[in-house]
Amino acid sequence: MTTVDQRTPAELAEAERYTAHNYHPLPVVVAEGEGAWVTDVDGRRYLDFLAGYSALNFGHRHPELIAAAHAQLDRVTLTSRAFVHDQFAAFCRSLAELCGKELVLPMNTGAEAVETAIKVARKWGYQVKGVENERAEIIVAADNFHGRTTTIVSFSTDPEARADFGPYTPGFVVVPYGDLVALAAAVTPNTVAVLLEPIQGEAGVLVPPTGYFAGVRELCTAQNVLMIADEIQSGLGRTGRTFAIEHEGVVPDMYVLGKALGGGIVPVSAVAADRDVLGVLKPGEHGSTFGGNPLACAVGHEVVRLLATGEFQKRSAELGERLHARLGELVGRGLVAVRGRGLWAGVDLDPALMTGRRACELLAERGVLAKDTHGSTIRLAPPLVVTEAEIDHAVDQLAAILAEAV
Ligand SMILES: Cc1ncc(COP(=O)(O)O)c(C=O)c1O
């Protein structure tokens, strides 16, 4: 072993010593990334099959996104929203057009965008729907993941995410995901919104039954309730369409976007809705120092331009078929189920063989990065620039660790 080979343990030990332990990372210390690949501090290369939980849909350092960021770094990076800058209108217009909505409101992280959607829905409920003050209810799904703020964890059903962070924000009603009858039964005159992930990522890439979202749309329209789709992880090409909800043939009242909107460079999130919804916000009622900053807008605009070509959605749909076909061959050979859409898969391992964590450790040793969730499930979500050969290589590594364990 050379001295170079010893950087990984030292970096891990220092990180462990000086940081709060709110994550349990795999023992890989990344130094560089390009496309679907990263290289660690000791020169080992890995195929990145997590892609920043979909924040890296365009891969690491996509040349056009990096060029947009560089150009903006040389001009102006931050103004605050106290002034307007010359990247703002163009980004917001392009994003509104991509979403087919009249207005957008840019923020930074996904959780902030979800908080924005909640605030807008409540305000819409009081001012437009006429719900009595302080009585607004928002219906969410069990096993949801919408972020980590105190309000958002208030309606999480995951004890790890929620326990010991109370007192909790009231005004949320939880129903089982995919159960239209339960959802309909939960609607009251005070319901202002239904907030759902089109595919539940953190829960294990759960795809709801066909027709569920068409039913949600019909119910929301009939009951004058806003339908909010949290597309932070599922959207922007991940499933083979711009939005995962498109597979269901419905249009929500509000999209919540994040992750890939920042091109893997800066945190950029947003909500998009028509004027009758987003127009309820007036100056001084909501905002963020960094939301919609020039660097974010320059990168976000380039992200929208890339998506508008349709190339990434097409790649995700076509290569997704390959990924799912190859993973499907492993069902009964170490896997018990595979779910998902496009380049997004939730893979249930036979729990008798190993945990999801162990599988991810073994995959990392074989040069593939993935993330476990809920015991024996792993999530695969490569950047949309991945090639067919790279997909085959990653699945071959999974097949190998399963074969060794059987
Ligand atoms: C569906 C969904 N909503 C919201 C969030 C929160 O986003 P952020 O971590 O940027 O706050 C996530 C993050 O994983 C997510 O997957």
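Domain bounds here come from an automatic or database domain assignment, and on that basis the protein chain is divided into domain 1 (4–61 + 311–405) and domain 2 (75–308), with 27 Å between their centres, taken over C-alpha atoms. This is a predicted model, in which local features need pLDDT of at least 70 and side-chain atom pairs count only at pLDDT 80 or more, whereas totals for chains, interfaces and linings use all residues. Residues are numbered from 1 along each chain as its sequence is written.

**Where the domains meet**
- Contact (C-beta atoms, placed from the backbone, within 7 Å) links 27 residues of domain 1 with 23 residues of domain 2.
- On the side of domain 1 that touches domain 2, helix 12 (311–328) is among the elements giving two or more residues, and helix 12 gives the most, with five residues; helices (H or I, at least four residues) and strands (E, at least two) are DSSP runs, numbered from the N terminus.
- That side of domain 1 divides into eleven nonpolar, 13 polar and three charged residues, where Ala, Val, Leu, Ile, Met, Phe, Trp, Tyr, Cys and Pro count as nonpolar, Asp, Glu, Lys and Arg as charged, and the others, Gly among them, as polar.

**Around the ligand**
- The shell holds 15 residues, of which Gly 110, Ala 111, Gly 147, Ile 232 and Gln 233 come nearest; a residue is near a molecule if its C-beta atom, placed from the backbone, lies within 6 Å of it.
- Helix 5 (residues 110–129) gives the most to this shell, with three residues, and by class the shell has five nonpolar, seven polar and three charged residues.

- Six of the six residues of strand 7 (residues 191–196) are buried, that is, 20 or more other C-beta atoms lie within 10 Å of their own, against 12 or fewer for exposed and values in between for partly exposed, with C-beta atoms placed from the backbone.
- Strand 7 pairs (at least two DSSP bridges) in the parallel sense with strand 5 (residues 137–141) over four bridges, and four bridges also join strand 7 to strand 8 (residues 226–230), again parallel.
- Ala 193 of strand 7 is the bridge partner of Ile 138, and the bridge partner of Ala 193 in strand 8 is Leu 226.

**Backbone exceptions**
- A cis peptide bond, with omega about 5°, joins Gly 166 and Pro 167, and Pro 167 is found in the loop between helix 7 (159–162) and strand 6 (172–175).
- Lys 259 has a positive phi of about 40° although it is not a glycine, and Lys 259 counts as buried because it has 27 C-beta neighbours inside 10 Å.

Key: Two residues are in contact if their C-beta atoms, placed from the backbone, lie within 7 Å.
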